[in-house]
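Hi,

Here's the structure I said I'd pass on.

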Amino acid sequence: MQKINDDIGESIRLKLWDQLLTLRLVEKKAYDLFLENLIKGTSHLALGQEAIGSAFGVVLEKKDYTFCTYRGHAHTLSRGASIEGVLGELMGRECGLMSGKGGSMHLTDVKNGVMGSYAIVGAHLPIANGTAWASQYNNTGAVTTCFFGDGTTNIGAFHEALNLAQIWKLPIVFVCENNLYMEYTPIGDVTAVEHPAADRASSYNMEKIIVDGNDPDEMYRVAKRTVEKARRGEGPSLIEAKTYRHSGHSRADPAKYRPKEEAEDWIKNKDPIKIYRQRMLDFGINESIITSMENDMKEKIEQATKVCKKSSIPSLDLIHKDVWANGGSEWHN
Amino acid sequence: MAQLTYRNAVSLSIAQCMRKDDKVLFLGEDIGQAGGVFKTTVGLLEEFGPVRVKDTPISEQAILGAAMGASMVGLKPIAEIMFSDFLAVCWDIVANEIAKTRYMSDGQITLPLVIRTANGAGSKFGAQHSQSLENWSMAVPGLKVVAPSNPSDVIGLMTAAVADPDPVIFYEHKSLYPMKEEIENTDLFINLGEANTMLQGNDACIISLGLMAQRSKEAALILKEKHNIAVSVIDLRTLVPLDLQTITREVKKSGLVFTVEENPRLCGWGAEISSIIVEKFFHNLKGPITRITTPHIPLPSADILEDNTIPTVQRIVDTILHTIKKG
């Protein structure tokens with residue numbers, strides 16, 4: 001394939017590849033650690049949906065803010081959170097991002113702009129407006145990104161947040177990852193419009209944006225365009241990225257409600273990692289680079305896993321710490 | 001010396017905070033151009049402009065979400081929820097997000113914000129615009145809970161709430177908005193968790209807050225004047241943090257305790273305080289603690305019905321007299 005008209009280029013492609021590998025391989029490791037019973041509680045994997053977080057991870061600057069859902073391991077990693085911080089938190093170890101106090105559904109890494117993962121569907125959209133409002137007020141040029149699933153488009157907070165973002169012209173990008181299922185139910189069965197996010201955009205005077213969420217290049221282009229728009233002070237965007245999760249909704253879900261052929265088609269033919277490996281080869285990137293990055297990543301994750309396994313379990317005094325800004329939990333004198 | 005209403009104390013205290021610190025922003029429904037449905041925010045838009053004083057749509061989740069997000073990155077927003085009853089439509093943001101995020105993030109996130117809201121009965125607005133809901137927020141770890149009973153406390157507590165690094169729910173009482181007070185110096189600061197002993201007495205002790213503190217004080221004056229019964233009246237001012245030291249001192253003094261609460265009976269804040277007192281000071285008590293509360297019903301609307309529902313001065317007087325005679 002000719003390299004002319006390549007608006008992305010090798011250096012960005014390799015950054016995207018690094019992101020894709022991180023997100024995919026850490027999630028796979030999380031799955032393995034479940035099987036080893038080293039991760040307790042629930043967990044919602046983003047296997048198959050990596051292109052979306054990866055693209056924003058490449059586009060965003062250090063000062064930008066990210067808000068995630070309970071399916072937030074990938075987005076947290078995409079901003080540069082340490083692998084042992086993420087896996088350690090899932091394992092309830094001291095080396096976890098929040099020392100084991102938040103768990104899988106609440107990954108937070110403020111120093112990397114990850115302002116939290118929110119486990120109540122829709123709750124974080126209004127909150128994300130708040131950091132965007134602060135950036136606008138302080139004129140910092142920071143952009144807020146807020147990721148959520150298709151199910152979120154039917155909850156009130158989604159609509160309140162989009163309206164406020166538009167009337168205040170906030171520097172924010174809302175990203176709906178439409179993986180076709182709202183937990184266990186096909187989103188189309190419970191939604192009045194075909195495209196649950198994009199068909200609502202016009203209600204808030206926003207552009208209707210639908211993108212192939214499994215094509216890293218397409219995601220990169222739309223991420224760059226909307227983030228730059230927000231950074232220029234031209235207001236919010238709403239993206240609907242079509243994607244598919246490879247596994248069930250959560251740890252407890254074998255996803256038997258999805259037609260076998262459908263799942264096979266997405267996993268075999270539309271997997272973002274497979275798509276991108278071929279894309280890079282098509283654009284003339286040396287296969288040895290692609291493969292050695294993959295091997296390096298696997299090694300990095302193995303090392304991080306060792307760190308987590310060696311890390312202490314949290315100290316019991318954490319139970320009473322940090323309810324208040326003074327570090328404590330006292331409610332009386 | 002200026003005479004100030006509770007209503008004007010609200011706008012004055014917000015203005016003082018906004019003048020001192022440009023990180024303080026204010027948002028809510030009808031708070032700017034309209035000056036607030038209770039006229040508690042008159043003049044703020046004119047003084048501070050639309051960048052710092054933001055009129056919002058009727059979107060309580062959007063209001064508190066914006067306040068929370070802004071506070072995460074260092075601003076100090078004050079958000080108005082027009083009636084405390086409306087907290088129910090954004091309770092997720094209050095109870096799940098604002099209250100828990102500092103803890104869940106292992107202290108990475110701090111939320112210096114104030115949610116102020118018009119609370120309580122007396123206006124005959126019916127069951128959805130008259131509730132006394134401070135006990136809802138008391139039940140959620142991570143929220144500080146303030147309910148001033150007079151104009152100078154509004155200023156002192158608002159100043160402290162805005163300066164506080166933690167989220168504060170600030171319950172203003174609708175029936176107190178017209179209350180007047182001579183205030184010489186409006187540069188006031190009252191530590192959160194510092195109760196006010198409004199009256200001292202050795203025969204009994206009333207624990208109250210908000211409008212009920214004013215009614216309790218009135219009842220105590222009647223008891224003194226007509227029956228020579230000397231009653232201490234504690235205005236808690238804040239439920240979280242709770243001033244247990246003041247409670248301890250007054251309980252030990254008389255050994256006879258009454259709580260006066262506007263909330264419905266079950267799980268009202270007085271139940272928690274009674275339990276603490278019994279647990280810690282059982283041997284100092286001369287008799288059972290009596291809780292004077294609204295019955296466990298939604299509030300009715302008509303004058304005579306509402307008036308006979310929330311605790312009145314007469315009911316406080318009668319209950320204390322009855323208890324003391326019985327003893």
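Predicted model: local features only at pLDDT ≥ 70, side-chain atom pairs only at ≥ 80, totals over all residues.

Residues are numbered from 1 along each chain as its sequence is written, and chains are lettered from A and ligands numbered from 1 in the order in which they are written.

Between the chains, 42 residues of chain B are in contact with 34 residues of chain A (contact: C-beta atoms, placed from the backbone, within 7 Å). H3(B) gives the most to chain B's side, with 9 residues (helices are DSSP runs of H or I, at least four residues, numbered from the N terminus).

Now the helix pair. The axes of H6 (residues 156–167) of chain A and H3 (residues 60–72) of chain B come within 8 Å and cross at roughly 65° (axes are lines fitted to C-alpha atoms over the stretch in contact, with angles from 0 to 180 degrees between N-to-C directions). H6(A) and H3(B) are therefore roughly perpendicular (65 to 115 degrees). On the H6(A) side, the residues that meet H3(B) include Glu160(A) and Leu164(A).

Within chain B, the domain assignment (automatic or from a database) gives domain 1 (2–183) and domain 2 (196–326). Their centres, taken over C-alpha atoms, are 26 Å apart, and 25 residues of domain 1 are in contact with 22 of domain 2.

Cheers

Methods:
Helix = DSSP H or I, 4+ residues; strand = E, 2+ residues; numbered from the N terminus. Parallel < 35°, antiparallel > 145°, perpendicular 65-115°, else oblique. Contact = placed C-beta atoms within 7 Å.
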